[in-house]
Amino acid sequence: MLSRVLQEWVLKRLYRLVLKPVLGKVLDSDLDLAQLDVQFLNGTIELRDLVLNAKYVSEQTKHLGLEIVSGTVSYIRAEIPYYALSTSQIVVSVEGLRVTVRPTKERPSLDDDDDGHLGDHEAGDEQEGRD
């Protein structure tokens with residue numbers, strides 16, 4: 001009984017301190033402990049049956065000219081080699097990603113690309129040919 005209470009306390013702390021700051025904006029609601037499985041000895045974190053915050057994800061992808069209407073993820077698994085974080089990679093697997101999208105009313109502009117790579121080069125080429 002005590003070990004189960006302690007395990008739930010650790011999971012809640014892990015969620016509040018680590019996962020919520022990273023995933024909080026992306027998820028539509030807080031995680032339930034039934035959706036979270038942490039195996040410290042194996043270095044794995046598993047999340048199940050997640051609902052995406054469509055409004056937030058749409059804001060992050062608006063430059064694509066798509067609005068996210070809804071989204072779910074069946075399963076996420078993160079393998080964290082805590083014993084060798086400085087030399088090993090964290091591996092994240094995602095299964096069952098389902099996203100419903102629709103085009104936005106505004107068309108995306110290549111010149112307004114957030115990373116500035118595509119639009120700048122093409123705009124300069126077009127201006128040179130207009131003498």
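These notebook entries record what I looked up in the predicted model shown above.

**Entry 1. Basis**

I worked from a predicted model, in which local features need pLDDT of at least 70 and side-chain atom pairs count only at pLDDT 80 or more, while totals for chains, interfaces and linings use all residues. Residues are numbered from 1 along each chain as its sequence is written, and side-chain values use heavy atoms, with hydrogens and water left out.

**Entry 2. Fold**

I began with the secondary structure and found three helices and four strands in the protein chain. Helices (H or I, at least four residues) and strands (E, at least two) are DSSP runs, numbered from the N terminus. Along the sequence, the pattern reads α-β-β-α-β-β-α.

I then looked up burial: 23% of the 131 residues of the protein chain count as buried. Buried means under 20% relative accessible area, exposed means over 50%, and partly exposed lies in between (1.4 Å probe, protein chains only).

**Entry 3. Second largest pocket**

I noted a volume of about 310 Å³ for the second largest pocket. The lining of this pocket has 17 residues, and Val-22, Leu-23, Leu-47, Ile-76 and Val-92 are the closest to the pocket centre. Helix H1 (2-23), strand E2 (44-51), strand E3 (66-79) and strand E4 (91-103) each give two or more residues to the lining. H1 gives the most, with four residues.

The search uses a 1 Å grid over the protein atoms alone: a pocket is an open set of points where a 1.4 Å probe fits, with protein on both sides within 12 Å along at least five of seven lines, and lining residues have an atom within 4 Å of a point. Grid points are joined across faces, edges and corners, and the volume is the space filled by probe spheres set on the points.

**Entry 4. Nonpolar surface patch**

I next looked for nonpolar residues on the surface. One patch there has about 1200 Å² of accessible area together, and its members include Leu-41, Tyr-82, Tyr-83, Val-92 and Val-101. Patches are made of residues with over 30% relative accessible area and no salt bridge; nonpolar side chains (Val, Leu, Ile, Met, Phe, Trp, Tyr) are joined within 5 Å, like charges within 9 Å. Accessible areas come from the Shrake-Rupley method with a 1.4 Å probe, and for residues only the protein chains shown count as cover.

E4 gives the most to the patch, with five residues. I checked two members individually. Leu-41 is found in the loop between strand E1 (36-39) and E2, and is exposed with a relative accessible area of 79%. Val-101 lies in strand E4 and is partly exposed at 40% relative accessibility.

**Entry 5. Salt bridges**

I counted five salt bridges, each being a side-chain nitrogen of Lys or Arg within 4 Å of a carboxyl oxygen of Asp or Glu. Glu-46, Arg-48, Arg-77 and Glu-79 are linked in a network of these contacts.

Glu-46 forms a salt bridge with Arg-77, with the closest N and O atoms 2.5 Å apart. This pair links distant parts of the chain, since Glu-46 is in strand E2 and Arg-77 in strand E3, 31 residues apart. Arg-77 is partly exposed at 25%. Glu-46 also meets Arg-48 in a salt bridge (3.8 Å, N to O), and Arg-48 is partly exposed at 27%.

I recorded another salt bridge between Lys-62 and Glu-59 (3.6 Å, N to O). Lys-62 is exposed at 53% relative accessibility, whereas Glu-59 is partly exposed at 47%.

**Entry 6. Backbone and distances**

Which residue has a positive phi although it is not a glycine? I found Asp-49, with a phi of about 55 degrees. Asp-49 is found in strand E2 and is exposed at 57% relative accessibility.

Thr-44 is also found in strand E2, but is buried at 3% relative accessibility. Thr-44 and Pro-81 are 37 residues apart in sequence and 8.4 Å apart in space, C-alpha to C-alpha. For Val-101 and Gly-71, I noted 30 residues in sequence and 8.8 Å in space, C-alpha to C-alpha.
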